Amino acid sequence: MTILVTGARGNIGSQVVARLHSIGRPLRASSRRASGLAVPRGVQTVALDLREPGTFRAALHGVTQVFLYAEPDGVADFLKAADEAGVRNVVVLSSNTVMLPGADKDPLAQHHRVVEDAVFASGLPHVLLRPGAFASNALGWSADIREGRAVQQPFADAQVSPVHDADVADVAVAALAEGSRMSGVVPLSGPQSLSFRTEVGIIAELLGREIQVRDLDRDEARETMGRFVPPPVLASLLDQWEAGLSRPADTNATCGPWTGAPARTFRQWVGEHLGAFGDMPAR
Ligand SMILES: NC(=O)c1ccc[n+]([C@@H]2O[C@H](COP(=O)([O-])OP(=O)(O)OC[C@H]3O[C@@H](n4cnc5c(N)ncnc54)[C@H](OP(=O)(O)O)[C@@H]3O)[C@@H](O)[C@H]2O)c1
């Protein structure tokens, strides 16, 4: 009854490991580099690279459930090996980009669609988690905020409904729970539609100081972000954000029905990560 958690170094994967361990579920934590992987005492670790079929057998031995990051290269081989090993439930961290208009041509959507299609084709019972933008994306502003510079954000007035990563992990664990009846596709939104500018305002309020926002146009975004983000992915993000200028983001698919708790807010996420943005205000 072992659960294999892929990407156990990741933001969501590490929280899934901690939660499963705390409720006493037998699990194996995997990472491309298993050495030095920080896991709770007693949790097995194994090296697994989803692009390297040679690493599948040891990782999947005795496994009945998998928490899977969306890595398209080699996913069909991994699912075949999982089926042969006796896996009976795959919970995939996918993305709501697969539901975008134009998803067929969108590289971010396609990255996740390849994985979802492979899961459908495998015939394995599954839950496909489709979260929207993570609250943790705000960490991309942290260096500028810490160093007192303006946040540079294309389409700063675009709205998103940030999803707290702890809610994503909670829903993943609910899907992996013994006797869970969750199956199929699970979209996940945050509880509020907020513009990027409002998100920065919340960080500023909790830090107790002003933060300027510089709204970038497409050319400026390509110049600034193109150094870190591959051009097709950046184009996809800019299209999504531009579309978010004209409508509020969806808030109708929160974690509540799956976790029994209200979705955590962006404000709560910032409060928990304030140290990443600068010194905490004196109380
Ligand atoms: N950011 C968003 O707004 C957003 C929205 C919707 C969906 N998502 C999905 O969530 C993912 C990010 O989750 P996160 O915040 O937890 O990411 P993260 O902290 O960056 O962790 C990514 C994990 O992916 C694992 N990984 C990458 N390539 C792998 C491979 N070839 N084989 C095995 N594992 C591999 C890494 O494992 P190692 O331990 O080996 O490094 C790492 O633990 C995105 O990639 C996307 O699919 C994100």
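**A buried arginine and its setting**

Reply: Arg130 counts as buried, since its relative accessibility is 12%; buried means under 20% relative accessible area, exposed means over 50%, and partly exposed covers what lies in between, with a 1.4 Å probe and protein chains only. The model is a predicted one, in which local features need pLDDT of at least 70, side-chain atom pairs count only at pLDDT 80 or more, and totals for chains, interfaces and linings use all residues. Residues are numbered from 1 along each chain as its sequence is written, and side-chain values use heavy atoms, with hydrogens and water left out.

Arg130 belongs to strand S6, which runs over residues 126–131; helices (H or I, at least four residues) and strands (E, at least two) are DSSP runs, numbered from the N terminus. Its side chain forms a polar contact of 2.6 Å with the side chain of Glu116. A polar contact is a pair of N or O atoms within 3.5 Å; within protein, one must be able to donate a hydrogen and the other to accept it, and residues adjacent in sequence count only if both atoms are side-chain atoms. Beyond four places in sequence, the residues in contact with Arg130 include Ser94, Met99, Glu116, Val185 and Leu188, where contact means heavy atoms within 4.5 Å.

The next topic is the division into domains. Domain 1 spans 2–131, and domain 2 is made of 137–160 + 191–250 + 262–276, with bounds that come from an automatic or database domain assignment. Taken over C-alpha atoms, the centres of the two domains are 28 Å apart. Six residues of domain 1 are in contact with six residues of domain 2.

Gln153 sits in strand S7, residues 151–154, and its side chain makes a polar contact of 3.0 Å with that of Trp141. With neighbours within four places in sequence left aside, Gln153 is in contact with Trp141, Phe196, Arg214, Asp215, Leu216 and Trp241. Phe155 lies in the loop between S7 and strand S8 (159–160), and is buried at 12% relative accessibility. Although Phe155 is not a glycine, its phi is positive, at about 50°. Most residues other than glycine have a negative phi.

Ala58 provides a contrast, because it counts as exposed, at 51% relative accessibility. Ala58 is part of helix H2, residues 56–60. Residues up to four places away in sequence not being counted, Ala58 touches Arg28 and Val46. Ala58 and Leu48 are ten residues apart in sequence, and their C-alpha atoms are 8.4 Å apart.

An N or O atom in the side chain of Tyr69 is 2.5 Å from an oxygen atom of the ligand. A nitrogen atom of the ligand lies 2.9 Å from a polar side-chain atom of Asp49, and a polar side-chain atom of Asn137 lies 2.8 Å from an oxygen atom of the ligand. The ligand on its own has 930 Å² of accessible area, of which the protein covers 74%; the areas come from the Shrake-Rupley method with a 1.4 Å probe.
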